[in-house]
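Welcome to this short briefing.

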Amino acid sequence: MTQTIKPAHPSKLSQMSLCPGSMKAQEGFPSQTSEAAESGNRVHDALRAVMEWANEGRENSLVTIVKHFGLSDRERRVYRFILHEVMSILSEHLGPTTYECEQPFSLTHNGTEIISGIRDFVVKCGDGTIHVVEYKTGRIEVEAADLNLQIAGYVVPIMLQKSDSPTEVFGHLIQASWDAEEKHSIVRYGIEDAENAYREILDIVAKANDDEALRIPGQKQCRFCQARGTAVCPESTDLVESLPDLIDQPVLRSPEIAPERVGDLMKVQTLLQASMSPERRSRVLRACLTADVISKKLKEEAKEILKEDAGAIPGFKLVDGSKTKSVDDIEPAFEMLQNIGFTGDEYQACLKFSLSRAVHILHSKMKADGMTQAGAKKMIETTLEELINVETNEPSLRYVGE
Ligand code: SF4
């Protein structure tokens, strides 16, 4: 390691491990915010306040916190879920003796800072255990605590860089994503685990600081990379551009396909299916998933460019968005349709009952009496239990690693 190392944020370690060039590629981009990031900040502020206000003797009830930070219904649910999990940790380990909320920290190597950031919550409990807790408020699931490099980056400095270092620390990852398989995952670090993690982090940071660091596109690493689809990362745009070749070429080159059959699309498609080995299908699918996240950004940018200059991108133009038509006033609508022969049954067949709308209405009416969104959902579903049809959507596709 040299003195020119640029410290990384622990949340970037996973991206850097998959694409070492991502750190340098994103240098110089202005910091971005998004609705999701601002929503996450509000929940984090509320979670910090609930701890600090208790210390200061200030009133910190749910109603006060929600009002003070202007939390939306979703943010309130996320806040309550995370707080509940934190309280479970505290009660299981005999309460807090000392704790820190959102304190900056860094990890050094030979006097050089290699990572720096802010930990959400670190607590030493009455039974002597130490817990590092990371809150994830977004909708996208992240790796569980035992595989999570961000947690490793938080734990290692506590275990290896203090004179009175503990020999055991628990890392907790609490994620409010409704799709997450493990919403609260826990990892126990002993000294050997911390030393291994330290070596892994050093290796990731060293590779990322190399002037020749490779840029390796992939769905996970590109999703939140500011360089995706820009000239700074030609690898990401090349991948999108080369996707048709990746899918077609091996089939067209396949010796068992006579050249005159190549023009027959149906046959090529059938052969494509038949000739795709599981490994190749996996490769193609991974390229498609990566291309999805890159092309999403490219399409958004293209729309903005075409709004400014309709002829800026050869072969493309903006077309009007599709229109959704609906009728709110259903009584006069029925009278009008009767005039053209609709019966009551036929009219009813056109109406669709919205469960989510019913939950929203009940929740709005009963909120002042303390009814939660989840409570309203439960009441509606219990009341209509006999009438509710449950349909399961098609399974979705997810890359889970090999
Ligand atoms: S867009 Fe993807 S490949 Fe390019 S630097 Fe970012 S993470 Fe790496």
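A crossing of two helices is called left-handed if the near helix is turned anticlockwise from the far one by less than a right angle, and right-handed if the turn is clockwise. With that in hand, the crossing of α3 and α5 turns out to be right-handed. Please keep in mind that this is a predicted model.

**Confidence**

- The protein chain has a mean pLDDT of 86, and 90% of its residues reach 70 or more.
- Over residues 250–255, pLDDT stays under 50, and for this stretch the model has 7 contacts beyond four places in sequence.

**Helices α3 and α5**

- Helix α3 covers residues 35–55 and helix α5 covers residues 73–92; their axes come within 10 Å and cross at roughly 45°.
- That angle makes α3 oblique to α5.
- On the α3 side, the contact uses Ser 39, Arg 42, Val 43, Ala 46, Leu 47 and Val 50, and these meet Glu 75, Val 78, Tyr 79, Ile 82 and Leu 83 in α5.
- Sorted by class, the contact of α3 with α5 has 8 nonpolar, 1 polar and 2 charged residues.

**Helices α6 and α7**

- The axes of α6 (residues 149–160) and α7 (residues 191–209) come within 9 Å, crossing at roughly 120°.
- This makes α6 oblique to α7.
- The crossing in which α6 passes α7 is left-handed.
- From α6, the contact takes Ala 152, Gly 153, Val 155, Val 156, Met 159 and Leu 160, while α7 brings Ile 191, Ala 194, Glu 195, Ala 197, Tyr 198 and Ile 201.
- The contact of α6 with α7 has 10 nonpolar, 1 polar and 1 charged residues by class.

**Helices α14 and α15**

- Helix α14 (residues 355–366) and helix α15 (residues 373–383) have axes that come within 8 Å and cross at roughly 125°.
- The two helices, α14 and α15, are therefore oblique to each other.
- Their crossing, that of α14 and α15, is right-handed.
- In α14, Leu 355, Ala 358, Val 359, Leu 362, His 363 and Met 366 meet Gln 373, Ala 376, Lys 377, Met 379 and Ile 380 of α15.
- The residues in the contact of α14 with α15 fall into 8 nonpolar, 2 polar and 1 charged.

**Around the ligand**

- Which residues are the closest to the ligand? They are Cys 19, Cys 222, Cys 225, Arg 228 and Cys 233, out of 15 residues that surround the ligand.
- Three helices, α2 (22–25), α8 (219–223) and α9 (234–253), each supply at least two residues of the shell around the ligand.
- By class, the shell around the ligand divides into 8 nonpolar, 4 polar and 3 charged residues.

Methods:
Residues are numbered from 1 along each chain as its sequence is written. This is a predicted model: local features need pLDDT of at least 70, side-chain atom pairs count only at pLDDT 80 or more; totals for chains, interfaces and linings use all residues. Axes are lines fitted to C-alpha atoms, for helices over the stretch in contact, and angles run from 0 to 180 degrees between N-to-C directions. Helices (H or I, at least four residues) and strands (E, at least two) are DSSP runs, numbered from the N terminus. Angles under 35 degrees count as roughly parallel, over 145 as roughly antiparallel, 65 to 115 as roughly perpendicular and the rest as oblique. Two residues are in contact if their C-beta atoms, placed from the backbone, lie within 7 Å. Ala, Val, Leu, Ile, Met, Phe, Trp, Tyr, Cys and Pro count as nonpolar, Asp, Glu, Lys and Arg as charged, and the others, Gly among them, as polar. pLDDT is the predictor's confidence in each residue, from 0 to 100. A residue is near a molecule or strand if its C-beta atom, placed from the backbone, lies within 6 Å of it.
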